Amino acid sequence: MPPDTAKYLRDILDAARTIEQYVSGKTLDDYLQTRSLQDAVNWNFCVIGEALAQLARIDEATAKQVTDQAKII
């Protein structure tokens, strides 16, 4: 496993956990009415997409284990 593989996987996990923290206890209406929440969630989805794209570039086999990897990117 290339050394950066673990870094990108950590970045993906951290961003996903951050999203989970931001939306915990929130409703869809809360999300739709709070621009800062939308921005924070969207930013972390961008982090996930970019980390997965970089992972696919350096370790395609690992990236392909992520369900819907191409759609996420």
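Below are my entries, one topic at a time.

**Ground rules.** I am working on a predicted model, where local features need pLDDT of at least 70, side-chain atom pairs count only at pLDDT 80 or more, and totals for chains, interfaces and linings use all residues. Residues are numbered from 1 along each chain as its sequence is written, and side-chain values use heavy atoms, with hydrogens and water left out.

**Core.** I started with the nonpolar core, meaning a set of buried Ala, Val, Leu, Ile, Met, Phe, Trp, Tyr and Cys residues joined through side-chain atoms within 4.5 Å. For burial I use relative accessible area: under 20% is buried, over 50% is exposed, and partly exposed is in between (1.4 Å probe, protein chains only). The largest such core has 11 residues: Tyr 8, Ile 12, Ala 15, Ile 19, Leu 37, Val 41, Ile 48, Ala 51, Leu 52, Leu 55 and Ala 63. Which elements give two or more residues to this core? They are α1 (3-23) and α3 (35-58), and α3 brings the largest share, six residues. My helices (H or I, at least four residues) are DSSP runs, numbered from the N terminus.

**Helix α3.** I checked its length against the expected span, which is 1.5 Å times one less than the number of residues. The 24 residues of α3 should span 34 Å, and the end C-alpha atoms sit 35 Å apart, so the two agree. I then listed the buried residues in α3, among them Gln 38, Asn 44 and Gly 49. The buried residues of α3 pack against α1, α2 (28-33), α4 and α5 (69-72).

**Leu 55 and Ala 63.** Contact here means heavy atoms within 4.5 Å. Leaving out residues up to four places away in sequence, Leu 55 touches Thr 5, Tyr 8, Leu 9, Glu 60, Thr 62 and Ala 63. Ala 63 is in helix α4 (residues 60-63) and is buried, because its relative accessible area is 0%.

**Salt bridges.** Side chains of opposite charge can pair when their charged atoms come close. I count a salt bridge when a side-chain nitrogen of Lys or Arg is within 4 Å of a carboxyl oxygen of Asp or Glu. How many salt bridges does the structure hold? I find three.

- Asp 11 and Lys 7 meet at 2.7 Å, N to O; they are four residues apart in helix α1, so about one helical turn separates them.
- Asp 39 pairs with Arg 35, closest N and O atoms 3.1 Å apart; both lie in helix α3. Arg 35 is exposed at 59%, whereas Asp 39 is partly exposed at 39%.
- Lys 64 pairs with Glu 60, also with closest N and O atoms 3.1 Å apart. Lys 64 is exposed at 56% and Glu 60 is partly exposed at 46%.

**Asp 59.** This residue is in the loop between α3 and α4. Asp 59 is buried yet has no salt bridge. I count Lys and Arg as positive and Asp and Glu as negative, leaving out His and the chain ends; the nearest side chain of opposite charge is Lys 64, 11 Å away. What does the side chain of Asp 59 make a polar contact with? The partner is the side chain of Thr 62, at 2.8 Å. (A polar contact is a pair of N or O atoms within 3.5 Å; within protein, one must be able to donate a hydrogen and the other to accept it, and residues adjacent in sequence count only if both atoms are side-chain atoms.)
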